Amino acid sequence: MGAETGGFGPRPPAPWAAPKGLDAVLAGWRDDASMRRSVVLDQTLPAQPARHAEIPEALAERVADALRNRQIQRLYAHQAEAYELARAGRHVVVATPTASGKSLCYNLPVLDRLAADPDARALYLFPTKALSRDQEEALRGLMKEAHLEHGAITYDGDTPGDARRAARERSGILLSNPDMLHAGILPHHASWARFFANLRYVVIDELHTYRGVFGSHLANVLRRLTRIARFHGSEPTFLFASATIGNPAEHASRILGQEVTVIDQSGAPTGPRHVMVYNPPVVNAELGIRASYLKTAVRLAGDLVRSNVPTLVFGQSRNGVETMLKYLRDRLRADKIDEELIVAYRGGYLADTRRRIERGLRSGAVRCVVATNALELGIDIGSLDAVVCAGYPGNVAGLWQRFGRSGRRQGSALSLLVTSSHPIDQYVANDPRFLLGAPIESARIDPDNVEILIQHLKCAAFELPFEEGEPFGDVPPDAVRDALGFLEDHKVVHAAPNGAGKMTWHWATDAYPANHVSLRSVGWDNFAIIDVARDKTIAEMDWRSTHTMLHEQAIYQHEGEQYQVERLDFENHKAYVRKVEPDYYTDAMTYTKVNVLGEDDGAWVKLGASGGLGAGHGDVSVVEKVVGYKKIKFHTHENVGYGDVRLPEMQMHTTSFWLTVPEDTVRTLLDPDGQIVGRAVALDALRGIGNALHLTAAVGLMCDPRDLGQTLGDRSDEDAPPSAGEGGGPGFDPTLFVYDHVPGGVGLASRLFVEREALLRRTRALIESCPCGTGCPACIGPDVGEVAARPGAHRGPGRKALALALLDALGVPRTH
């Protein structure tokens, strides 16, 4: 009987003949009705052709030959433009998408200068050690092909003594990071005299990462660097490279204190990009709770891996990354896929572990990597076809930086965002086209922040005496003189006449100031994680994360395996762990307390005919303490137990904006039916308003929500400043705090105070416009909590109606 006469139709394809590749996966998803219901955005961005330019005739012949040996016959237009501007001595920032060839924009002018001048030197600064090492390998290869004998050496905390001497004496290109420049090079500039005297170029890659406190510190480090270079007789040209941000020219100019020319039109080609947003289905309509975004991201990534699509999965946290790695390996074990094809990449891994993973990615030995934002930076990981983001990273710039990691072969690429129940994720899910047309966020710094500036003036005075009338970068001489006078009053510097009728300020103490200034927002003294069974260090952890991830009895996850913390030696910065096979992981619980140290400004906000509330901003102390942990069962995410944690508090001084609600308004709040709801219910409604206020503030400032902290506090008496977290919760005049989540603050709180009326109106508009019934993660948070659960508690209108009633009582008008 022939095949045509059979009664059962065509034979199904054999399993080994299943469709492979990205297009097959996308077709399957689009044919799946349940998948289509949850996909809120599915758009293909068209391919963009290349815009080329000829290799410049002025480029040194041996550098041009090295390019041709790599089959580069022409440059992209932005690379040629950067070369011409740099060669003319102009400071340049190249702000083009990921994988557009930015490294050649700075390598060409540097190598061209080295070819013409054997004594020339260049300094490359990268934000992480891993990126420095990665770029060193690529740069050495290009220099070897160009027959340049100048060395290229990474100089950081891991560099051995012999290599450090070679770096000082012979290296044509020094690759380092801002922390090492600040504490290990500038204070010892006399030992680097030849290097600084011949410094022609300074390259600063990944400029977009230098924002907030870190960026403000870097600006001051560059003020010190240019001052020392000038002392040794050089005026280097600065070349910046950045992912796409909203203000690259302004940001680079602010960092450097001089005008910087921007190149923001890429000549690199791009293939078609499929941009999708998947909003997991609601599993509890009353509470607005959706299916787990982590498990959803794992399921979708599993489809890609099965079809041999090289995939990168981004997680929001280290714990999230390790949990997804375990789930992905568990899911694909049934498909006989080797678990070594699926790896994790995050901060805390040791250098040899990171290098092994990076080599596997470049060679194709790794099919899927689950990573934190450590892989947002420009580390060369070869070609990937798909990026899955488990959760919105908090800003459009960060999302597109992650999305740009796919499509490096100019072929078809997938950029998939799986949204969580977090308010800002749901904001994006409700208006996903926001991702395609929203303005890219600007990077903000405040290099003249008094606390930061004075620290670096100390370092600069240690490095070189200050002459009267000398500026400090773009800080004018009068301001520098006033600051030096302040330091003189504190016996840190000593003023003496210089013989030419002017004063000179000399360093006057035995202290080594750079050792006491950390450029990062938290200390960078890491904890070593030691496997007691093998007596071997397996990883490291930063000081802040140690409190939540390495407390005793915590489950520490590492490369898909679980270890239990048996002992935390806090004093010696060591955590001792033992491999276990639990069916749960741990999640720390933190408690936050805010106290106002000083009020810079205050106002009474009255938006309607009645009501009103107090507003203010100023300096605060934020104390965080890990008080316990939950045990969360793998896969089901059930809470299966608790434990206590006894660790020191973490204290931070920063700036905050606050809104104080009169106690009488809280006590007399009426629900829509005219009944007094009671204080506990009114405070729960105020917490909901705080959630919406936090979201509105982050969107309005175009910053990551994690840049802002938010909590509910009180005023303990009529004359005292507000505080949060005392005793059993808010007392008199409950107060909402929204504070800068970095030490010293970067000006976010003061901007919120200026925009306080618009902020309140937008908060009301967000709550009113949300389609939910009683409150959900996209506005005020779900209508849950101890108040709703109490026997005999107010059972009237939901949390959302009460939040709107409270805004009515405060005089915040309805939107129309």
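Predicted model: local features only at pLDDT ≥ 70, side-chain atom pairs only at ≥ 80, totals over all residues.
1. Start with the largest nonpolar core. It has 116 residues. Those with the most contacts inside it are Trp 29, Leu 304, Leu 414, Leu 416, Leu 417 and Phe 657. Helix H22, residues 679–701, gives the most to this core: 12 residues. As background, nonpolar side chains tend to be buried together in soluble globular proteins.

2. Now look at Leu 414. Which residues does Leu 414 touch, leaving aside those up to four places away in sequence? They are Leu 22, Leu 26, Trp 29, His 274, Met 276, Leu 304, Asp 385, Ala 386, Val 387 and Ser 406. Two of these, Trp 29 and Leu 304, are also listed with Leu 414 among the residues with the most contacts inside the core.

3. Next, find Thr 261 in strand S10, residues 261–263. Is Thr 261 buried or exposed? Its relative accessible area is 18%. Buried means under 20%, so Thr 261 counts as buried. Its side chain makes a polar contact with the side chain of Arg 90, at 2.9 Å. Not counting residues up to four places away in sequence, Thr 261 touches Leu 85, Arg 90, His 91, Val 92 and Val 93.

4. Last, the helix pair. The axes of H24 (residues 756–769) and H26 (residues 799–809) come within 10 Å. They cross at roughly 150°. Angles over 145 degrees count as roughly antiparallel, so H24 is roughly antiparallel to H26. The crossing is left-handed. Arg 764, Ile 767 and Glu 768 in H24 meet Lys 800, Leu 804, Leu 807 and Asp 808 in H26.

Conventions
Residues numbered from 1 in each chain as written. Heavy atoms only, no water. Core = buried A, V, L, I, M, F, W, Y, C linked by side-chain atoms within 4.5 Å. Buried < 20%, exposed > 50% of the residue type's maximum accessible area, 1.4 Å probe, protein only. Helix = DSSP H or I, 4+ residues; strand = E, 2+ residues; numbered from the N terminus. Contact = heavy atoms within 4.5 Å. Polar contact = N/O pair within 3.5 Å; in protein donor to acceptor, adjacent residues only side chain to side chain. Axes fitted to C-alpha atoms, helices over the stretch in contact; angles between N-to-C directions. Parallel < 35°, antiparallel > 145°, perpendicular 65-115°, else oblique. Left-handed = near helix turned anticlockwise from the far one by under 90°.
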